[in-house]
Amino acid sequence: MKIGEAQKLYREQRATLLDQRRKLLKKKEALDKKASITPDGKEIYANEAATLELTINAVTQRFDENQEVLDQLAEEHVLVWNAEVTRQQGDAARDYGEDMAKIMEVARRIGKGAKVPASDEKKLMDYSMEMYLAAKNLAMMNERRKKEKYKSLWEDEDERQQQEYDPQEKADNAETSVGPPDTSPVEGGDEILSEV
């Protein structure tokens with residue numbers, strides 16, 4: 001089961017349990033009021049009050065268990081999310097390092113007096129005008145050397161499509177070991193609620 005699906009199911013179950021608990025508490029309140037205005041009401045309604053109290057406790061226990069699973073799912077979601085963001089940052093750092101290596105190579109080639117594509121020269125100028133001017137000054141000193149001609153270092157990158165990252169989608173679609181919530185009725189709960 002995917003984390004996003006499990007979270008949805010457990011949230012729906014939590015809402016159901018909250019609603020059931022709210023109705024049971026209203027019924028208990030009404031029963032307490034009825035017992036207080038009836039002579040010997042506490043003794044007359046003692047069994048019904050005890051059953052109601054046990055049912056409320058069972059619903060509360062189921063709610064607490066549900067909440068524990070929701071907390072666990074939230075932790076799993078955050079862990080997957082953080083792993084995806086870390087991967088993105090690693091990819092960005094790797095790409096930055098590759099770009100820096102290409103910029104340094106373009107500066108070296110220009111400094112040797114070689115011909116490089118205008119787009120590569122522009123990338124060097126955009127990165128650092130000082131580095132570009134230093135490379136051009138070196139090129140003037142190496143004017144007499146045979147000039148090599150290079151292809152752009154960024155050609156393959158221009159053709160490559162950028163991968164989109166969506167940590168939310170990745171986290172929602174990660175698999176979890178958590179099964180679906182227990183939606184079986186709480187013992188005695190449906191009978192009590194049907195009397196409302």
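Is Leu 52 buried or exposed, and what is its relative accessible area? Leu 52 is buried, with a relative accessible area of 2%, where buried stands for under 20%, exposed for over 50% and partly exposed for what lies in between (1.4 Å probe, protein chains only).

The structure is a predicted model, in which local features need pLDDT of at least 70 and side-chain atom pairs count only at pLDDT 80 or more, while totals for chains, interfaces and linings use all residues. Residues are numbered from 1 along each chain as its sequence is written, and side-chain values use heavy atoms, with hydrogens and water left out.

**View 1. Overall fold of the protein.** The protein has eight helices and zero strands, helices (H or I, at least four residues) and strands (E, at least two) being DSSP runs numbered from the N terminus. Of the 196 residues, 30% are buried. Among contacts (heavy atoms within 4.5 Å) with a separation of 6 or more, 86% involve residues 24 or more positions apart.

**View 2. Salt bridge between Arg 22 and Asp 19.** The closest N and O atoms of this salt bridge are 2.2 Å apart, the term requiring a side-chain nitrogen of Lys or Arg within 4 Å of a carboxyl oxygen of Asp or Glu. Both residues belong to helix α1 (residues 3-37) and stand three residues apart, about one turn of the helix. Arg 22 is partly exposed at 41% relative accessibility, and Asp 19 is likewise partly exposed, with a relative accessible area of 27%.

View 3. Arg 87 and Glu 84 form a salt bridge (2.7 Å, N to O), and they are about one helical turn apart because three residues separate them in helix α3. Glu 84 is buried, with a relative accessible area of 5%, whereas Arg 87 is partly exposed at 33%. A further salt bridge pairs Arg 94 with Asp 95 (3.3 Å, N to O). Through shared partners, salt bridges join Glu 84, Arg 87, Asp 91, Arg 94, Asp 95 and Glu 98 into one network.
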